[in-house]
Structures are given as C-alpha cells and as structure tokens.
Amino acid sequence: MTSTAVYHKLKKWIYRGQLTPGQRLVEMDLAHRVGTSRIPLRESLRRLESEGLVRSIPHKATFVAELTPADIREILFMRRLLEP
C-alpha cells in the first residue's frame, strides 16, 4: 500500500473517530491494522503531523491530536478556502 493510500485511510479514521483524540499510535499495531509496512506508515504520520492531526514526541510516541472546537472550525475554514 502506498504512503498516500495509508495517509488517506488514517485521515479518514481520525475524522470518523476510529482513532480517538489522545490515542497513542503504536507503529507496529497500526501498520498491521492498515495492512502496510512501517515506512509508508511513518511517511503518512509525518504528513498528518504537518496538518496538525497527530502529535509526535521524538523517540517516544505519536498520538492523535486533541482538537478544540476552535481548532476544528479553523481546519474546516481553511479546507473550504483551499479545496475547490
């Protein structure tokens, strides 16, 4: 599975609440669940982190970001502006 496909799947799971705010994302478990290796998973997590959907603590763990209602409004506003 490509990193783009993994990215879209993880993003969908976050938006649908299948990965919950504050949930720790264990690479081995998540790679198995998605059906991919750790390299595309890591690339996808970095992309999600750049979008603010996950938070990484270097050499420790990655978590689903805990978004406030203001964060969600801002994300939706920006998406409406950027996405045709």
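A helix, as the word is used in these legends, is a DSSP run of H or I that spans at least four residues. The views show a predicted model.

View 1. The relative accessible area of Lys-11 is 15%. Because buried residues are those under 20%, Lys-11 counts as buried. Leaving aside residues up to four places away in sequence, Lys-11 touches Leu-48, Glu-51 and Leu-53. With one of these residues, Glu-51, the side chain of Lys-11 also forms a polar contact of 3.4 Å.

**View 2. A nonpolar surface patch that includes Met-78 of helix α4.** Four side chains are to be located here: Phe-77, Met-78, Leu-81 and Leu-82 make a nonpolar surface patch of about 440 Å². Met-78 belongs to helix α4, which runs through residues 69-82. The relative accessibility of Met-78 is 37%, so this residue is classed as partly exposed, a term for values between 20% and 50%.

**View 3. The hairpin of strands β1 and β2.** Strand β1 consists of residues 54-57 and strand β2 of residues 61-64. The two strands pair in the antiparallel sense, with 4 bridges between them. Within this pairing, Ile-57 is placed opposite Ala-61 of β2. In a regular strand, side chains alternate between the two faces of the sheet. Between the strands of the hairpin there are 3 residues, and His-59 adopts a positive phi near 65°.

Notes
Residues are numbered from 1 along each chain as its sequence is written. This is a predicted model: local features need pLDDT of at least 70, side-chain atom pairs count only at pLDDT 80 or more; totals for chains, interfaces and linings use all residues. Side-chain values use heavy atoms; hydrogens and water are left out. Buried means under 20% relative accessible area, exposed over 50%, partly exposed in between (1.4 Å probe, protein chains only). A polar contact is a pair of N or O atoms within 3.5 Å; within protein, one must be able to donate a hydrogen and the other to accept it, and residues adjacent in sequence count only if both atoms are side-chain atoms. Contact means heavy atoms within 4.5 Å. Patches are made of residues with over 30% relative accessible area and no salt bridge: like charges are joined within 9 Å, nonpolar side chains (Val, Leu, Ile, Met, Phe, Trp, Tyr) within 5 Å. Accessible areas come from the Shrake-Rupley method with a 1.4 Å probe; for residues, only the protein chains shown count as cover. Two strands pair if DSSP finds at least two bridges between them.
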